[in-house]
Amino acid sequence: MPTTCPPVRRCGTHAPGWIKGKHPSVADGQVTREVCYHWSNNCCRWKNNIKVKNCGVFYVYELQKTPVCSLRYCAAP
């Protein structure tokens with residue numbers, strides 16, 4: 001999931017979601033991170049929290065329902 005604001009109309013949605021802040025280290029364990037959704041020149045028009053864990057070579061995300069139905073989480077390398 002990106003940690004910078006993606007352009008609107010990306011990731012198959014009008015308002016793509018991205019993590020505000022950084023991904024955790026392995027030592028951090030499971031953490032809560034805020035996800036922002038970019039729309040109408042506002043990189044954080046809507047927001048919600050998710051849980052993230054660093055498993056060494058990949059991350060595991062516990063996603064919540066988005067605040068509005070036209071939003072999606074964005075995935076990025």
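Guide: First, a definition: strands are DSSP runs of E with at least two residues, helices are DSSP runs of H or I with at least four, and both are numbered from the N terminus. Keep in mind that the model is predicted. Read from the N terminus, the elements of the chain go β-β-β-β-β. The radius of gyration is 12 Å, close to the 11 Å that the globule rule gives for 77 residues, so the chain is as compact as a globular protein of that length. The count is 5 strands and 0 helices. Along the principal axes, the C-alpha atoms fill a box of roughly 35 × 20 × 15 Å.

The part I pick is β1. This strand covers residues 15-20. How much of β1 is covered? Of its 6 residues, 5 are buried, so the strand is mostly covered, given that buried means under 20% relative accessible area. For the chain, 34% of the 77 residues count as buried.

Next, the partners of β1. Which strands are they? One is β5, residues 71-73, and it pairs with β1 in the parallel sense over 3 bridges. A15 stands opposite L71 of β5. The other pairing to look at is with β2, in the antiparallel sense over 4 bridges. There, W18 has C36 of β2 as its bridge partner.

Now step back along the chain. C11 sits in the segment before β1. Its phi is positive, about 60°, although C11 is not a glycine. Most residues other than glycine have a negative phi. C11 counts as partly exposed because its relative accessibility is 32%, between the 20% and 50% cut-offs.

Follow the chain on past β2, which spans 30-39. S40 lies in the loop between β2 and β3, the latter spanning 42-54. S40 is not a glycine either, yet it has a positive phi of about 55°. Is S40 buried or exposed? It is exposed, with a relative accessible area of 53%.

F58 is in the loop between β3 and β4, and β4 spans 59-62. At 45% relative accessibility, F58 is partly exposed.

Then the aromatic rings. The whole structure holds 2 aromatic pairs. In one of them, the ring centres of Y59 and Y61 are 6.4 Å apart and the planes meet at 45°, so this pair is tilted. Y59 is partly exposed at 35% relative accessible area. Y61 is also partly exposed, at 27%.

One loop remains, between β4 and β5, and Q64 lies in it. Q64 is partly exposed, with 37% relative accessibility. How far is Q64 from V8? Their C-alpha atoms are separated by 21 Å, and the two residues are 56 apart along the chain.

Back to the part I picked. β1 is mostly covered. It pairs in the parallel sense with β5 and in the antiparallel sense with β2.

Terms used:
Residues numbered from 1 in each chain as written. Predicted model: local features only at pLDDT ≥ 70, side-chain atom pairs only at ≥ 80, totals over all residues. Heavy atoms only, no water. Buried < 20%, exposed > 50% of the residue type's maximum accessible area, 1.4 Å probe, protein only. Pairing = 2+ DSSP bridges. Phe/Tyr/Trp six-rings, centres within 6.5 Å; stacked < 30°, edge-to-face > 60°. Rg over C-alpha atoms; globule rule 2.2 N^0.38 Å.
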